[in-house]
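Here are some questions for a reader meeting this structure. Each answer sets a value against the rule behind the word.

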Amino acid sequence: MNKEPSPNIPETISKDVDRFKKISNNYGELFTEVFAEQGLDYKQFEESVFENTKKLQPDFQDTPILDIGVGDGATSASFVNAGCKKVVGIDLNPEMLKAAKEKLGDSIQLVQMDATKLGFNTGDFPIVVTGAAIHNIPKEARKLFWKELLRLSPDLFISAEKIADPDSEKHKQLYDSEVNAIKKVYGVKHGLPDAEKEWLDHYEYDERERLDMAEIVDNIGGEYDIEIAKEVGMYKTIVAKKRNKK
């Protein structure tokens, strides 16, 4: 495994770092409120990656795990708390890495890295996880991410993501509900207009670069069996298990 890979960040990706500067502080706490405003459980969404990993990979505690888009460490925290010693988290945003460091300390290796150009070798990580990260990559650049994931060739890929519902009417209802919740939590309740604007701009961006199940299946379905394990509002937790090749 490459212990200290150097970040190689294309200009089109690096611009996205700035989008998160105003929303990285207290990210988890405030988004818990955004979910609650909609009658949803953010903790349940966060822990869905861990719960599915534990169910499908009994020896997960001794297995190297890569958390792509580690953010503030919310997804990795469950693994660290369960005694996992081989967790590596990557993120493009130094502010998010700082937040993860404050939360998890030295119990996880943190690296600034572009998810479309991973500095690891095939087989380094039998388990790869993500939490609300992949949809942030521009749609065109996501093609590179899927190729990198296939190159790493994990046995198990579990991702809790913002994934558009195939029913356009249902998707719009979920989208409007979450946007209204962001306005109430960030704008009205906490008086954070800059962060509110960043989130609303971010959601417009997500709509333009929308991630859906068809994209996931088209890119990795040839090598992985994919299923939706959980749905929470706009978010779906997908489980992708590598097929045994004869």
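A nonpolar core is a set of buried Ala, Val, Leu, Ile, Met, Phe, Trp, Tyr and Cys residues joined through side-chain atoms within 4.5 Å. The model is predicted.

Q: What makes up the largest nonpolar core, and which residues have the most contacts inside it?
A: The core holds 39 residues. Those with the most contacts inside are Phe31, Phe45, Phe79, Ile182, Tyr186 and Tyr203. Helix α7 (residues 168-189) gives the most to this core, with six residues.

Q: Which other core lies apart from it?
A: Another core has 27 residues, including Val88, Phe157, Ile163 and Ile220.

Q: What does phenylalanine 31 touch, leaving out residues up to four places away in sequence?
A: Contact means heavy atoms within 4.5 Å. Phenylalanine 31 touches Tyr42, Glu178, Ile182, Tyr186, Trp199, Tyr203 and Tyr235.

Q: How do you know that the span of helix α8 (residues 193-208) agrees with what it should be?
A: At 1.5 Å a residue, its 16 residues should span 22 Å. The end C-alpha atoms are 23 Å apart, which agrees.

Q: Which residues of α8 are called buried?
A: Buried means under 20% relative accessible area. Ala195, Glu196, Glu198, Trp199, Leu200, His202, Tyr203, Tyr205 and Asp206 are buried in α8.

Q: Why are β3 (109-112) and β6 (224-232) called edge strands?
A: The sheet is open, in the order β3-β2-β1-β4-β5-β7-β6. β3 and β6 each pair on one side only.

Q: How do you know that β1 (residues 65-68) pairs with β4 (residues 127-131)?
A: Pairing needs at least two bridges. Four bridges join β1 to β4, and the two run parallel. Aspartate 67 stands opposite valine 129 in β4.

Note on methods
Residues are numbered from 1 along each chain as its sequence is written. This is a predicted model: local features need pLDDT of at least 70, side-chain atom pairs count only at pLDDT 80 or more; totals for chains, interfaces and linings use all residues. Side-chain values use heavy atoms; hydrogens and water are left out. The expected span of a helix is 1.5 Å times one less than its number of residues. Buried means under 20% relative accessible area, exposed over 50%, partly exposed in between (1.4 Å probe, protein chains only).
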